[in-house]
Amino acid sequence: MKHFEGDDDRKWQVLSSEYLIKRPWLTARRDCCKLPNGNICPEYYVLEYPTWINIVALDKNGKMILVRQYRHALGVTRYELCAGVMDPTDATPLEAAQRELLEETGYGGGTWEEFTVLGQNPGSMNNLTYSFLARGVEPISSQHLEATEDISVHLFEPEEVKELLSNGHIVQALHAAPLWKFFCTIKKD
């Protein structure tokens with residue numbers, strides 16, 4: 001992530017840290033911190049996650065590739081960008097994104113560029129989400145889903161995706177942000 005002058009000028013000093021839970025998809029710790037003004041925050045909770053990735057993907061015909069899946073925490077099935085986590089075997093976020101697109105959709109190839117880097121909730125979460133723009137991808141394989149994944153693949157005209165986004169049918173904030181950027185900076189109606 002790009003750092004700017006003064007990014008660390010209000011940094012807190014961690015006096016102690018304790019893990020409350022360490023599970024594959026949930027790691028939480030409690031820190032005791034000293035603020036720059038000298039005040040002590042005895043209980044500050046941080047959720048630790050691996051790096052996340054997602055992809056704004058367009059096929060060779062300019063259609064956008066979305067996935068549709070159930071999201072248990074909200075109890076809804078919605079359209080989303082292809083997304084996932086960076087595995088320890090992935091050398092870079094780009095490599096993770098290319099792997100996830102292939103696994104979840106069967107699409108690959110094309111040209112790729114880093115599009116956004118976002119912190120989902122820097123007040124309580126320690127990871128970043130890297131979004132990539134992939135153009136000219138094509139089907140090169142079948143889906144290779146994990147046992148806990150039930151994902152369908154859908155192709156849309158960009159205008160249809162913009163309508164889904166505008167009408168609240170894409171609710172994942174880390175997917176909506178790069179899509180809005182796409183429509184504001186790349187795709188002109």
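Student: To begin with, is Glu157 buried, exposed or partly exposed?
Tutor: Glu157 counts as partly exposed because its relative accessibility is 34%. Here buried means under 20% relative accessible area, exposed over 50%, and partly exposed in between, with a 1.4 Å probe and protein chains only.

Student: What kind of model is this, and how are residues numbered?
Tutor: This is a predicted model, in which local features need pLDDT of at least 70, side-chain atom pairs count only at pLDDT 80 or more, and totals for chains, interfaces and linings use all residues. Residues are numbered from 1 along each chain as its sequence is written, and side-chain values use heavy atoms, with hydrogens and water left out.

Student: Back to Glu157: with which residue does it form a salt bridge?
Tutor: Its partner is Lys63, and the closest N and O atoms are 3.8 Å apart. A salt bridge is a side-chain nitrogen of Lys or Arg within 4 Å of a carboxyl oxygen of Asp or Glu.

Student: How many salt bridges does the structure hold?
Tutor: There are 11 salt bridges. One of them joins Arg71 and Glu80, with the closest N and O atoms 2.8 Å apart. Arg71 is partly exposed at 35% relative accessibility, whereas Glu80 is buried at 4%.

Student: What about Arg99; which residue is its partner at 3.3 Å?
Tutor: Arg99 forms that salt bridge with Asp87. Arg99 lies in helix H1 (residues 93–105) and Asp87 in the loop between strand S7 (82–85) and H1, so the bridge ties together parts that are 12 residues apart in sequence. Salt bridges that share partners also join Asp87, Asp90, Arg99, Glu100 and Glu103 into one network.

Student: Are Arg99 and Asp87 buried or partly exposed?
Tutor: Arg99 counts as buried because its relative accessible area is 18%. Asp87 is partly exposed, at 28% relative accessibility.

Student: Changing topic: what is the volume of the largest pocket?
Tutor: Its volume is about 1300 Å³. Of the 39 residues that line this pocket, the closest to its centre are Trp25, Gln69, Arg71, Gly84 and Val85.

Student: How is a pocket defined?
Tutor: On a 1 Å grid over the protein atoms alone, a pocket is an open set of points where a 1.4 Å probe fits, with protein on both sides within 12 Å along at least five of seven lines; lining residues have an atom within 4 Å of a point. Grid points are joined across faces, edges and corners, and the volume is the space filled by probe spheres set on the points.

Student: Which element gives the most to that lining?
Tutor: H1 gives the most to the lining of the largest pocket, with 4 residues.

Student: And Arg135, where is it found?
Tutor: Arg135 is in strand S10 (residues 129–139), and it is partly exposed at 33% relative accessible area. The side chain of Arg135 makes a polar contact with the side chain of Glu113 (3.2 Å). A polar contact is a pair of N or O atoms within 3.5 Å; within protein, one must be able to donate a hydrogen and the other to accept it, and residues adjacent in sequence count only if both atoms are side-chain atoms.

Student: Thr129 next: buried or exposed?
Tutor: Thr129, also found in strand S10, counts as buried at 2% relative accessibility. Its side chain makes a polar contact with the side chain of Gln120 (2.8 Å).

Student: Finally, how many helices and strands are there?
Tutor: The protein has 3 helices and 11 strands. Of its 189 residues, 36% count as buried.

Note on methods: Helices (H or I, at least four residues) and strands (E, at least two) are DSSP runs, numbered from the N terminus.
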